[in-house]
Amino acid sequence: MKWIVLLIAAVISAASIYYTDYLVNKLKEREIKSIEVFASSMEYTIENDVSDQLPSVIREIIVNNDEIPLIYVNSNDEIESWRNIEIDKNWSEEKKQNLLRKELEIMKDAYAPKHVFDRDEQTGEILDFWFIYYRNSFLLTQLTYYPIIQLAIIGVFGLIVYFIFSYSKTAEQNRVWVGLAKETAHQLGTPISSLMAWVEYFREDPGVKNKGVVEEINKDIKKLQLITERFSNIGSTPVLKEEKIEEIINNVVEYLKPRISTKINIEVISISDGVRANLNAPLFEWVLENLCKNSVDAMAGIGNIQIKILHGSDYRVFIDVSDTGKGIAKSKIKHVFNPGFSTKKRGWGLGLTLAKRIIETYHKGKIFVKSSEENEGTTFRIVLNS
Ligand SMILES: Nc1ncnc2c1ncn2[C@@H]1O[C@H](COP(=O)(O)OP(=O)(O)O)[C@@H](O)[C@H]1O
Ligand SMILES: [Mg+2]
């Protein structure tokens, strides 16, 4: 669809340029013709010495040329007269001559001059000669630039329309994200408070013998609270704080470890101690959790996940999440962040979309597939600012 529109635009532009070019050439031909007529009428006037009784038709032609600028120069390269060049009557002779000389240079570059000869009536011998230098009329000059100006205006207009549309589309998507997240956080709030009250009640109730169960339920409620916090963070402008990255990553790893296969090993490596970055902890943990879950899914129960913290240049911090999973096909790499892209039977294809949004919109960082080999593994890189 985009390409069809662009193609049509290109065809219209080409046609417009072609047609204007055609008009310009036609007009140019006519102007050159009229200069030729002017030159021969001058010649006629000189040869027949009829300047006073100039035939009215020729006079018409000469006088009616009120568009094409021309300069009449004698054989000694002296300017004898001119036409259609704007000269103020009050100008000094010097100023006038300067302007005419300048005009003459422009004309010499534009077209070869027309000759006017004074021939001996009997022998045909050339007694004297003049040159008529000329250039395009103002109208023709304007017409030459017309398609360029026209296309520039259309182009600028097109760009503005494009930006307005894409901006309003992004703005709409943002409203959906934010609205959905806020609504979810809000809806979860009520049942969570009620569950917390129930846990308190059961803790005190001597009728409940197995207090261990109550504490397990309490852990799940804590997790629900964390989820609510994430949603409410993504639904507002999250606050970034300088945090020790390794600590946050370890929290996530500790949370994940008991929930995944024991044959999957997670390792956290930091190039130097105490690396800090500006981040929103609940949201960053969410990203990391999504990346690790994808890695687990890619490994079918056995393998290694390595999370490396590296110092980039210029206050940047890299977090590389590598796995020994099945990798991503080359042709699919550019799609993995698209909403709805999933190769899993029960995948929603939103994990990486969310990760990208959290990292790029809220942290002004970057997230991308650093490398991926099929059947060998994948590395995702997160770039944060410190
Ligand atoms: N570590 C990984 N190894 C292999 N494929 C991956 C990995 N991470 C993401 N993918 C691919 O990207 C797709 C999108 O991931 P995601 O947005 O989290 O959605 P989902 O997990 O619901 O499929 C996955 O379905 C998978 O094909
Ligand atoms: Mg996922």
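Analyst: This is a predicted model.

User: How many residues line the largest pocket, and which lie nearest its centre?

Analyst: The space in the largest pocket comes to about 1,400 Å³. Its lining is made up of 50 residues, and those nearest the centre are Gly349, Leu350, Gly351, Leu352 and Thr353.

User: Which element gives the most to the lining of the largest pocket?

Analyst: Two or more lining residues come from each of α4 (138–204), α5 (211–234), α7 (281–299), α8 (351–362) and β11 (377–385). With nine residues, the element that gives the most is α4.

User: By class, how many charged residues does the lining of the largest pocket have?

Analyst: The lining of the largest pocket has 20 nonpolar and 17 polar residues. The charged residues in this lining number 13.

User: What is the volume of space in the second largest pocket, and which element gives the most to its lining?

Analyst: The second largest pocket holds about 430 Å³ of space. Its lining has 13 residues, with Lys2, Val5, Leu6, Ala9 and Ala10 nearest the centre. Both α1 (2–48) and α4 supply at least two residues of this lining. The element that gives the most, with eight residues, is α1.

User: From which domains does the lining of the second largest pocket draw at least three residues each?

Analyst: By class, this lining has eight nonpolar, four polar and one charged residues. The domains that each give at least three residues to the lining are domain 1 (2–136) and domain 2 (144–222).

User: How far apart are the C-alpha centres of domain 1 and domain 3?

Analyst: The domain assignment divides the chain into domain 1 (2–136), domain 2 (144–222) and domain 3 (240–385). Between the C-alpha centres of domain 1 and domain 3 the distance is 74 Å.

User: Is asparagine 74 buried or exposed, and what is the length of the polar contact joining its side chain to that of glutamate 80?

Analyst: Asparagine 74 lies in strand β1 (residues 70–74). Its relative accessible area is 9%, so asparagine 74 counts as buried. Leaving out residues up to four places away in sequence, asparagine 74 touches Glu80, Phe129 and Trp130. The polar contact between the side chains of asparagine 74 and glutamate 80 has a length of 3.2 Å.

User: What is the C-alpha to C-alpha distance between valine 199 and asparagine 218?

Analyst: Valine 199 belongs to helix α4, and with a relative accessible area of 4% it is buried. Beyond its neighbours within four places in sequence, valine 199 is in contact with Val214, Ile217, Asn218 and Ile221. Valine 199 and asparagine 218 are 19 residues apart in sequence, and their C-alpha distance is 6.6 Å.

User: What separation do the C-alpha atoms of glutamate 373 and serine 386 have?

Analyst: Glutamate 373 is in strand β10 (residues 366–373). At a relative accessible area of 43%, glutamate 373 is partly exposed. Apart from neighbours within four places in sequence, it is in contact with Lys326, Gly327 and Lys330. Serine 386 is 13 residues from glutamate 373 along the chain, and their C-alpha atoms are separated by 30 Å.

User: Why does serine 295 count as buried, and what is its relative accessible area?

Analyst: Serine 295 sits in helix α7. Not counting residues up to four places away in sequence, serine 295 touches Ile305, Val321 and Asp323. Buried means under 20% relative accessible area, and serine 295 counts as buried because its value is 4%.

User: What is phi of asparagine 84, and where is this residue placed?

Analyst: Asparagine 84 is partly exposed, with a relative accessible area of 30%. It is not a glycine, but its phi is positive, at about 55°. Asparagine 84 is placed in the loop between β2 (79–83) and α3 (93–110).

User: Is alanine 300 buried or exposed?

Analyst: Alanine 300 is found in the loop between α7 and β8 (303–311). Its phi is near 50°, a positive value in a residue other than glycine. The relative accessibility is 71%, so alanine 300 counts as exposed.

Key
Residues numbered from 1 in each chain as written. Chains lettered and ligands numbered in written order. Predicted model: local features only at pLDDT ≥ 70, side-chain atom pairs only at ≥ 80, totals over all residues. Heavy atoms only, no water. Helix = DSSP H or I, 4+ residues; strand = E, 2+ residues; numbered from the N terminus. Buried < 20%, exposed > 50% of the residue type's maximum accessible area, 1.4 Å probe, protein only. Polar contact = N/O pair within 3.5 Å; in protein donor to acceptor, adjacent residues only side chain to side chain. Contact = heavy atoms within 4.5 Å. 1 Å grid on protein atoms, 1.4 Å probe; cavity = no way out; pocket = protein on both sides within 12 Å on 5 of 7 lines; lining within 4 Å. Points joined across faces, edges and corners; volume = space filled by probe spheres on them. Nonpolar A, V, L, I, M, F, W, Y, C, P; charged D, E, K, R; others polar. Domains from an automatic or database assignment.
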